[in-house]
Amino acid sequence: MTRLSVNINKIATIRNARGGNNPNLVQVALDCERFGAQGITVHPRPDERHIRYQDVLDLNEVVTTEFNIEGNPDERFIALVKRVKPAQVTLVPDAVDAITSNAGWDTIRYADHLRRLVETFKEDGIRVSIFVDADERMVEGAKAVGTDRIELYTEPYATQYPENPDAAVAPFVRAARKATELGLELNAGHDLSLENLRFFDEQIPELKEVSIGHALVCDALYFGLENTIQMYLRSLSQPGFM
Ligand SMILES: CC(=O)[C@@H](O)[C@H](O)COP(=O)(O)O
Ligand SMILES: NCC(=O)COP(=O)(O)O
């Protein structure tokens with residue numbers, strides 16, 4: 001079964017556009033859960049352009065599904081995650097000026113750094129996931145630093161999917177098999193959408209969780225949030241939806 005974690009960054013983007021509290025991020029998170037989401041993902045960035053650090057504290061008071069905090073593990077992020085102790089932290093190697101995440105970790109080059117981070121979060125009982133490209137060497141490197149899970153960076157899949165779905169998914173299938181062989185659990189995310197999600201999930205039965213934000217919020221403009229979440233759930237292997 002693949003679980004759906006809704007990334008609510010873009011809800012915060014809209015709220016911040018006017019400086020007030022509309023839409024109310026906490027209420028949207030609660031509604032996502034009510035509409036079937038099995039997790040809430042946030043990705044605070046140092047400039048707080050969407051999710052603010054205070055949002056993470058506020059959400060932690062109310063989220064009852066899996067709370068997943070993604071981000072670049074700078075000092076402030078580490079302190080926040082250790083304070084909140086979410087179900088899962090996803091480590092993402094973002095450049096400070098990146099528009100969005102655009103690559104996975106080089107788990108070999110940064111092995112010592114990642115090993116220390118994994119240890120510090122595991123001390124607090126937080127499940128750790130490392131964001132990686134669909135590259136078997138990077139999966140092996142992730143295993144070597146002690147992570148529980150990896151999250152496959154799916155933007156390259158999403159880009160190639162319209163022209164050649166089989167070729168697009170092939171490296172992800174290989175990376176997923178490698179992860180399973182090594183005993184690593186598997187998440188995926190970035191640019192997954194109603195167009196490309198079902199095929200990805202069908203080809204990778206090992207998948208535990210997808211986190212989806214940008215496309216889901218765009219779809220919600222047309223279909224409404226409740227319908228949209230149900231449509232994404234129907235694209236995944238879910239008991240009751242198959
Ligand atoms: C790690 C990942 O792929 C997503 O969290 C993505 O980076 C979303 O961040 P933005 O909403 O800032 O684009
Ligand atoms: N980890 C990926 C995520 O949370 C959402 O990415 P996107 O759907 O906004 O591209």
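1. Helices (H or I, at least four residues) and strands (E, at least two) are DSSP runs, numbered from the N terminus, and two strands pair if DSSP finds at least two bridges between them. This is a predicted model, in which local features need pLDDT of at least 70 and side-chain atom pairs count only at pLDDT 80 or more, while totals for chains, interfaces and linings use all residues. Residues are numbered from 1 along each chain as its sequence is written, and chains are lettered from A and ligands numbered from 1 in the order in which they are written.

2. The sheet is a closed barrel of eight strands in the order 1-2-3-4-5-6-7-8, with parallel pairing. On average, neighbouring strands of this sheet are turned by 25° against each other, direction ignored; axes are lines fitted to C-alpha atoms, for helices over the stretch in contact, and angles run from 0 to 180 degrees between N-to-C directions. Helix 5 (residues 111-123) packs on the sheet, where it touches strand 4 (88-91) and strand 5 (127-132), and its direction makes about 150° with that of strand 5. Contact here requires that the C-beta atoms of two residues, placed from the backbone, lie within 7 Å.

3. Strand 2 (residues 39-42) and strand 3 (residues 66-71) are paired in the parallel sense over four bridges. Val42 has Ile69 as its bridge partner in strand 3.

4. Which residues carry the "active site" annotation? The UniProt record, an unreviewed entry, places it on His43, Glu70 and His190; positions are given in the numbering used here, feature names are shortened, and annotations may be inferred rather than shown by experiment. They span 148 residues in sequence, yet no two of their C-alpha atoms are more than 12.0 Å apart, so they gather at one spot.

5. His43 sits in the loop between strand 2 and helix 3. His43 counts as buried because it has 23 C-beta neighbours inside 10 Å (buried means 20 or more other C-beta atoms within 10 Å, exposed 12 or fewer, and partly exposed in between, with C-beta atoms placed from the backbone). Leaving out residues up to four places away in sequence, His43 touches Asn7, Asn9, Ile51, Glu70 and Gly71.

6. Glu70 belongs to strand 3. Glu70 is also buried, with 28 other C-beta atoms within 10 Å. Its contacts, not counting residues up to four places away in sequence, are Thr41, His43, Thr90 and Val92.

7. The shell around ligand 1 includes His43, Glu70 and His190, along with Asn7, Asn9, Val92, Thr100, Ser101, Phe131, Gly189 and Gly213; a residue is near a molecule if its C-beta atom, placed from the backbone, lies within 6 Å of it. By class, this shell has two nonpolar, eight polar and one charged residue (Ala, Val, Leu, Ile, Met, Phe, Trp, Tyr, Cys and Pro count as nonpolar, Asp, Glu, Lys and Arg as charged, and the others, Gly among them, as polar).

8. Ligand 2 has 13 residues around it, of which Asn7, Gly189, Ser211, Gly213 and His214 come nearest. Strand 8 (207-212) and helix 10 (214-223) are the elements that give two or more residues to this shell. The shell around ligand 2 divides into three nonpolar, seven polar and three charged residues.

9. Some backbone details remain. Asn22 and Pro23 are joined by a cis peptide bond, with omega about 0°, and Pro23 lies in the loop between helix 1 (9-18) and helix 2 (25-34). Glu48, in the loop between strand 2 and helix 3 (53-62), has a positive phi near 50° although it is not glycine.
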